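User: Can you walk me through this one? I've got a few questions lined up.

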Amino acid sequence: MKISLSVDQELCKKCYACIAECPFDLINKDKEDVPQLRKAAVKKCIRCGHCMAVCAADALDISISPLSKSPPVEKALLPAPDSVGHFLTSRRSIRSYKKKVADHSVLEEILDVSRYAPSAHNCQPVHWIMVEDPAEVRRLAGLVVDYMQSLKLFPGLVRAWDKGIDKVLRDAPHLAIAHADPASSEHPVEDCTLATAYLDLAAHSRGLGSCWAGFLVQAIHFRHQPLLDALNLPDNHKVYTALMLGYPKFSYRHIPQRDPLKVTWK
Ligand SMILES: Cc1cc2nc3c(=O)[nH]c(=O)nc-3n(C[C@H](O)[C@H](O)[C@H](O)COP(=O)(O)O)c2cc1C
């Protein structure tokens with residue numbers, strides 16, 4: 001990988017935050033104690049951009065994430081701790097959706113946020129299929145029901161489907177499916193799960209509801225061929241997670257109870 005790092009010596013305060021924060025110790029000091037990139041960076045840099053992002057003086061620039069293309073953190077936009085707690089605990093899995101499609105731009109915005117989820121070695125292996133067409137979501141739900149029927153699984157869900165009720169994808173207008181090449185990450189399950197959790201929360205922040213689509217993922221893992229054909233994944237890719245999306249038909253007025261915290265303090 002081609003990579004270059006430059007330091008504005010007039011601006012650099014020699015605080016060495018860049019050295020301390022590099023996950024793979026790829027920055028050291030030159031003869032004048034100015035931070036410089038080690039040769040090993042060509043092979044070992046994971047393109048996290050932390051060295052540039054942490055520099056208090058904006059003195060350090062790096063080709064893999066140029067300062068000019070890396071927006072500043074806006075402290076005024078960060079939510080207060082109470083807001084974050086309430087935001088997270090007020091998110092619910094939504095199982096009844098309005099017959100209203102989300103704008104393409106809104107779906108794009110929430111997917112964009114998901115790119116910032118942590119990934120092992122910052123390898124960012126997650127790909128998405130975003131089903132925008134409600135009729136296609138319905139068709140995929142039908143294929144999951146076919147799979148259930150063929151294996152005599154979840155007879156209640158199959159009976160509901162026969163009566164026109166979709167308990168698989170809940171008549172959601174949209175569906176996001178996360179897939180990855182397992183060879184592209186040491187932890188594709190975690191990478192896709194975290195990206196999907198980010199998508200879930202970004203959806204909540206925009207007033208969209210969501211629900212993890214476990215039945216769909218199960219049918220894909222059992223390699224139900226019509227479903228695989230419908231998804232037409234790139235070679236070697238696997239589906240790890242999926243999320244129904246749409247505007248909630250009902251709004252939740254309370255935060256339900258959860259188990260007490262299970263923690264061992266040491
Ligand atoms: C991996 C996973 C798979 C899930 N699959 C489904 C599903 O197929 N259908 C469904 O209605 N809910 C599904 N859920 C949602 C859970 O039932 C839900 O998160 C849980 O009941 C807690 O409710 P809450 O999300 O509103 O707090 C799934 C959740 C996870 C994490």
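User: How many nonpolar, polar and charged residues does the shell around the ligand have?

Analyst: Keep in mind that this is a predicted model. The residues around the ligand are R92, S93, R95, C211, W212, A213, G214 and F215. R92 and R95 go down as charged, since Arg falls in that class, while Gly counts as polar, so G214 belongs there. By class, then, the shell comes to four nonpolar, two polar and two charged residues.

User: Which elements give two or more residues to that shell?

Analyst: The shell residues include C211, W212, G214 and F215. Elements that give two or more residues to the shell are β7 (209–212) and α9 (214–221).

User: Is R170 buried, partly exposed or exposed?

Analyst: R170 sits in the loop between α7 (155–162) and β6 (174–180), and its phi is near 55°, a positive value in a residue other than glycine. It has 19 other C-beta atoms within 10 Å. Buried takes 20 or more and exposed 12 or fewer, so with 19 R170 is partly exposed.

User: And D171, buried or exposed?

Analyst: D171 also has a positive phi, about 55°, although it isn't a glycine, and it lies in the loop between α7 and β6. The cut-off for buried is 20 or more. D171 has 21 C-beta neighbours inside 10 Å, so it counts as buried.

User: What separates the centres of domain 1 and domain 2?

Analyst: The chain is divided into domain 1 (5–69) and domain 2 (92–246). Taken over C-alpha atoms, the separation of their centres is 39 Å.

Conventions
Residues are numbered from 1 along each chain as its sequence is written. This is a predicted model: local features need pLDDT of at least 70, side-chain atom pairs count only at pLDDT 80 or more; totals for chains, interfaces and linings use all residues. A residue is near a molecule or strand if its C-beta atom, placed from the backbone, lies within 6 Å of it. Helices (H or I, at least four residues) and strands (E, at least two) are DSSP runs, numbered from the N terminus. Domain bounds come from an automatic or database domain assignment.
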